[in-house]
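User: I've got a new model open and would like to talk it through. Can you take me around it piece by piece?

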Amino acid sequence: MQTFFRYNWMVREQWYRWCEEVPQEELLKKRVGGVGGILKTLFHIVDVEWSWIQTIQGKPDFQEDFSRYATLDKVRELDARFRLDVEPFVLAWHEGLERKAYEDHLPDGRIVIDAWGEVMRHTIAHQIHHIGQLSVSSRELGKPPVSANVIGKGLIGIEDRANSL
């Protein structure tokens with residue numbers, strides 16, 4: 001679980017660096033994929049990650065308004081602020097939380113019960129889905145996308161073979 005959250009945070013930071021080389025108007029331009037534009041999609045990823053983590057813990061959740069965060073610096077600041085809530089929860093994750101029940105009270109009055117582990121994996125997959133959309137936008141701009149490859153990112157340490165001989 002933690003490996004894929006760390007993966008998402010690493011890839012998100014790589015996308016922020018990618019955005020540094022793109023004019024603001026291109027970051028805000030409405031695109032076919034994502035939730036509007038490149039920057040709005042990154043904002044959405046950050047907001048949804050925080051919201052799910054808050055919600056399953058029974059903590060207050062609120063929807064941020066993108067118009068207040070319509071620059072790369074402001075999205076990064078929001079990400080850093082929200083990470084203060086998200087990261088400790090993710091790093092404290094343990095097997096005992098996998099099947100803990102989350103009651104989702106839907107607007108129509110229905111209650112859906114999901115496992116915390118499902119919600120966490122949904123949160124991971126949500127970013128990966130939108131990062132794929134950002135890759136399409138990057139190609140439309142003629143720029144190579146950030147690599148989605150998990151291999152080579154150093155997320156899981158390996159034993160030093162020289163020290164183990």
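What follows is a run of questions and answers on this structure.

Analyst: Quick ground rules: this is a predicted model, where local features need pLDDT of at least 70, side-chain atom pairs count only at pLDDT 80 or more, and totals for chains, interfaces and linings use all residues. Residues are numbered from 1 along each chain as its sequence is written, and side-chain values use heavy atoms, with hydrogens and water left out.

User: In what order do the elements of the protein chain run from the N terminus on?

Analyst: Helices (H or I, at least four residues) and strands (E, at least two) are DSSP runs, numbered from the N terminus. On that basis the protein chain has six helices and two strands. Its C-alpha trace spans about 60 × 45 × 25 Å along the principal axes. The order is α-α-α-α-β-β-α-α.

User: What percentage of the residues of the protein chain count as buried?

Analyst: Buried means under 20% relative accessible area, exposed over 50%, and partly exposed in between, using a 1.4 Å probe on protein chains only. The protein chain has 165 residues, and the buried part comes to 40%.

User: Is Arg12 buried or exposed?

Analyst: Arg12 sits in helix 1, residues 2–19. Contact means heavy atoms within 4.5 Å, and, not counting residues up to four places away in sequence, Arg12 touches Leu42, Ile45, Val46, Glu49, Asp79, Arg83 and Gln127. Its relative accessible area is 0%, so Arg12 is buried.

User: Which side chain makes a polar contact with the side chain of Arg12?

Analyst: A polar contact is a pair of N or O atoms within 3.5 Å; within protein, one must be able to donate a hydrogen and the other to accept it, and residues adjacent in sequence count only if both atoms are side-chain atoms. At 3.0 Å from Arg12, the side chain in question belongs to Glu49.

User: And Glu25, is that one buried or exposed?

Analyst: Glu25 is found in helix 2. Leu39 is 14 residues away in sequence and 10.0 Å away in space, C-alpha to C-alpha. With a relative accessible area of 57%, Glu25 is exposed.

User: Where is the kink in helix 4 centred?

Analyst: Helix 4 (residues 72–91) has 20 residues and reaches 26 Å from first C-alpha to last, close to the 28 Å expected; the expected span is 1.5 Å times one less than the number of residues. The bend at a residue is the angle between axes fitted to the seven residues ending there and the seven starting there. Helix 4's buried residues include Asp79, Phe82 and Val86, and what covers its buried residues includes helix 1, helix 2, helix 3 and helix 5. The kink is about 45 degrees, centred on Arg83.

User: Why does the span of helix 5 agree with what it should be?

Analyst: Helix 5 covers residues 116–140 and is followed by Gly142, with a positive phi near 75 degrees. Its 25 residues should span 36 Å at 1.5 Å a residue, and this agrees because the end C-alpha atoms are apart by 37 Å.

User: What is the bridge partner of Glu103 in strand 2?

Analyst: Two strands pair if DSSP finds at least two bridges between them; strand 1 and strand 2 run antiparallel with five. They form a hairpin with five residues between them, and Gly109 in the turn has a positive phi of about 95 degrees. Glu103 is on the uncovered face of strand 1, while Tyr102 and Asp104 make up the covered one. The partner of Glu103 is Ile113.
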